[in-house]
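Colleague: I am new to this one. Please walk me through the fold.

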Amino acid sequence: MYNIAVLGAGIIGVSTAINIQKQIPSARVKIISEKFGQETTSWGAGGLFRPTAKFIRGIPEETIRYM
């Protein structure tokens with residue numbers, strides 16, 4: 001069994017912890033952060049991220065999905 005620590009409870013930290021847990025179900029994953037939930041700086045910003053061909057160079061535009 002693996003013991004894994006993820007630093008940060010923002011959008012990157014939480015999504016990383018979730019994906020590690022999906023990939024290694026037997027792992028014990030712990031999120032370490034000074035703040036959680038609405039107190040993190042990426043709480044709102046994470047939901048506003050929208051990749052576009054303008055900012056992602058080298059990837060064919062048809063590969064990027066627009067919603």
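**Overview**

Modeller: This is a predicted model. Of the 67 residues in the protein, 13% are buried.

Colleague: Which pattern does the protein follow along the sequence?
Modeller: The protein has two helices and two strands. Read along the sequence, their pattern is β-α-β-α.

Colleague: In which sense do β1 and β2 pair?
Modeller: Strand β1 covers residues 3–7, and strand β2 covers residues 28–32. Five bridges link them. One of the residues involved is Ile4, whose bridge partner in β2 is Val29. The sense of the pairing is parallel.

Colleague: What handedness does the β-α-β unit have?
Modeller: Helix α1 spans residues 11–23. Together with β1 and β2, α1 makes a β-α-β unit. That unit is right-handed.

Colleague: Is Phe36 buried, exposed or partly exposed?
Modeller: Phe36 lies in the loop between β2 and α2. Its relative accessible area is 45%. Buried means under 20% and exposed means over 50%. The value for Phe36 falls in between, so Phe36 is partly exposed.

Colleague: Which residues does Phe36 touch, not counting those up to four places away in sequence?
Modeller: Gly8 is 28 residues from Phe36 along the chain, and their C-alpha atoms are separated by 8.5 Å. A contact needs heavy atoms within 4.5 Å. With residues up to four places away left out, Phe36 touches Ala9 and Ile31.

Colleague: What share of the accessible surface belongs to carbon and sulfur atoms?
Modeller: The accessible surface of the protein comes to about 5,800 Å². The share belonging to carbon and sulfur atoms is 58%.

Notes
Residues are numbered from 1 along each chain as its sequence is written. This is a predicted model: local features need pLDDT of at least 70, side-chain atom pairs count only at pLDDT 80 or more; totals for chains, interfaces and linings use all residues. Side-chain values use heavy atoms; hydrogens and water are left out. Two strands pair if DSSP finds at least two bridges between them. Helices (H or I, at least four residues) and strands (E, at least two) are DSSP runs, numbered from the N terminus. A crossover is right-handed if, with the strands pointing away from the viewer, the path from the first strand over the helix to the second runs clockwise. Buried means under 20% relative accessible area, exposed over 50%, partly exposed in between (1.4 Å probe, protein chains only). Accessible areas come from the Shrake-Rupley method with a 1.4 Å probe; for residues, only the protein chains shown count as cover.
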